[in-house]
Amino acid sequence: MSRPLRWRHPFGGNDTPLMEPAGTAQGGGAEAENQARAYGRRMTLIGFASFNVGTGLCYGTFGALVLHLEELFDADRAAMGMALSLVALLHGLTAPIIGMLIPRTGVRPLMISGAVLASLGFALLPFAGDSLKMLSIYGLLIGPGTALMGPLPVLTLVSNWYARGQGRMIGFAMMPVVVTISPMATVWLLTLLGVQGVLLAAAVAVAAVIPFQLLIVERPVQVHLRSVGAEQERNAGVPHPTPARTLNFHQLWRNPHFIMMATAAGVVAGAGVAKSAHLVPILIEQGWALDHAALLLAISGATGVLGSLLFGMIADRWSGATALATGAFVQTVVWLILILPTSFPLLIADAVIIGMCGGGLMSAKAVLVSRLFGRENFPFVAGISSLTAVPFLFLLSPLAGFLRQQSGDYDLPLLVIIGLLALAGLMNLALVRVETRARAADIRRPAVSAA
């Protein structure tokens, strides 16, 4: 019998088999399934903490601090606006690099490195002195750091642990809780600590995640277990999935299923950014007060927490493509509310529905990637897909502003976005049968030409 491959613990300790010999007694039985569930829940909680503390504090505190940061750094509004744009850009540009690093270095070292960088960035911000240094800190420390803390490493970690119920657990890990509550918490802390104290508190909060990241077990096989749900499949006579072929850039970019999935996800994400940027002027032009618009933005952000769970469960119950198509088509309808004369309760319903659809994008897409391309290819495919979304994230909002300026009102830009969302829904709908076929045949990816 051939010797199993071994995995070396990055912080020392005994080697652990990467591939157990066929017929091993380890990893079998109800007890092993319960152990896998316990491990899976812990890894999901660690992923939730890492993603929320890193990304949540970066985005959630900024809005409440922006005026204070302008004064602290003697910066203008344009310079302050570039800070989060740099973070978003770096998240997109570094995603393929992170996706290629995960199979080589592992999730845990990357997430710990990200926490160190982000914590250092928040700690240095109070002493930056001017806007150039502030932007350098966001671009060199906080942006890369929060990208390494999640979402791609977190999505990979949770996907590794769940063969069944993956969408629900990913939905939990990616719930944007901190980004929802941190603006209010920041306002309260400002009266106690001041702006510099809040930034240092953020640095401490990020560093506090590192001890939990040290506990990460990246794959069930490292502790002689199988993924949650794999045992039920084995008992039911379902064959072990054939490992997906490792993909490269050339094969991926020639795959029509990848192009449809990445384009549709980019459109939905870009539409969310455009709405965040233009909702206030849209409502003010319609005669609503500023506080009404701010309330709708807050509601939309808060309901993303529910959407992450809901669309993850839809992806588990039916398919990731079904969840994504549903979200895109529903948004196609509710975006019309912003064009037609309507009441404020209907605008609240619009904010709730669009917030839920936007919050569920990541969890449903993660399930789709895993089923079409295999968990082995998940980091690479998800990373390239995130890079594909960058043009939509940066172009849809300026395009809406340009069309508003040319046409004189928001009807045309809103109709363009509605049309793009409908197209995204159709592309996702076309992937439903592909995903269902792949799942039924126990194939983790669509056929990819080797040419």
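**Ground rules**

I number residues from 1 along each chain as its sequence is written, and my side-chain values use heavy atoms, with hydrogens and water left out. Since the model is predicted, local features need pLDDT of at least 70 and side-chain atom pairs count only at pLDDT 80 or more, while totals for chains, interfaces and linings use all residues.

**Entry 1: helix α4**

I started with α4, residues 131-149. Helices here are DSSP runs (H or I, at least four residues; strands are E, at least two), numbered from the N terminus.

I then looked for a bend. α4 bends by about 35° at Tyr 138. The bend is the angle between axes fitted to the seven residues ending there and the seven starting there.

Next I checked burial. I call a residue buried under 20% relative accessible area, exposed over 50%, and partly exposed in between (1.4 Å probe, protein chains only). In α4, 14 of the 19 residues are buried, so the helix is largely enclosed by the rest of the structure.

At the start of α4 I found a contact. A side-chain oxygen of Asp 130 reaches to within 3.1 Å of the backbone nitrogen of Leu 132. A polar contact is a pair of N or O atoms within 3.5 Å; within protein, one must be able to donate a hydrogen and the other to accept it, and residues adjacent in sequence count only if both atoms are side-chain atoms.

Gly 150 follows α4, and its phi is positive, near 160°. Which kind of peptide bond joins Gly 150 and Pro 151, cis or trans? The bond is cis, with omega about 5°. Pro 151 sits in the loop between α4 and α5.

I moved on to Ser 159, in helix α5 (residues 152-161). Ser 159 has a relative accessible area of 1%, so I list it as buried. A polar atom of its side chain lies 2.8 Å from the backbone oxygen of Leu 155.

**Entry 2: His 224**

Most residues other than glycine have a negative phi, and most peptide bonds are trans. His 224 is not a glycine, yet its phi is positive, about 60°. I found His 224 in the loop between α8 (210-213) and α9 (230-235). His 224 is partly exposed, at 27% relative accessible area.

**Entry 3: salt bridges**

I counted a salt bridge when a side-chain nitrogen of Lys or Arg is within 4 Å of a carboxyl oxygen of Asp or Glu. How many salt bridges does this rule give? The count is four. I looked up some of them.

Glu 33 pairs with Arg 37, with the closest N and O atoms 3.5 Å apart. Both lie in helix α1 (residues 29-73), four residues apart, about one turn of the helix. An α-helix has 3.6 residues a turn, so residues three or four places apart point the same way. Glu 33 is buried at 9%, whereas Arg 37 is partly exposed at 28%.

Lys 275 pairs with Asp 350, and the closest N and O atoms are 2.9 Å apart. This pair links distant parts of the chain, from α11 (residues 256-285) to α14 (residues 344-359), 75 residues apart. Lys 275 is buried at 7%, and Asp 350 is buried at 2%.

Glu 435 pairs with Arg 371, with 2.9 Å between the closest N and O atoms. Glu 435 is buried at 1%, and Arg 371 is buried at 9%.

**Entry 4: α16 and the surface**

Which residues form the nonpolar patch on the surface? I list Leu 89, Leu 93, Phe 394 and Leu 395, with about 330 Å² of accessible area together. Two or more of the residues come from each of α2 (77-105) and α16 (378-407). Patch residues have over 30% relative accessible area and no salt bridge; nonpolar side chains (Val, Leu, Ile, Met, Phe, Trp, Tyr) are joined within 5 Å, like charges within 9 Å. Areas come from the Shrake-Rupley method with a 1.4 Å probe, and for residues only the protein chains shown count as cover.

Leu 395 is in α16 and is exposed, at 56%. Ser 386 is also in α16, and is partly exposed at 29%. Ser 386 and Thr 94 are 292 residues apart in sequence, but 9.0 Å apart in space, C-alpha to C-alpha.

Note on methods
Expected span 1.5 Å × (residues − 1).
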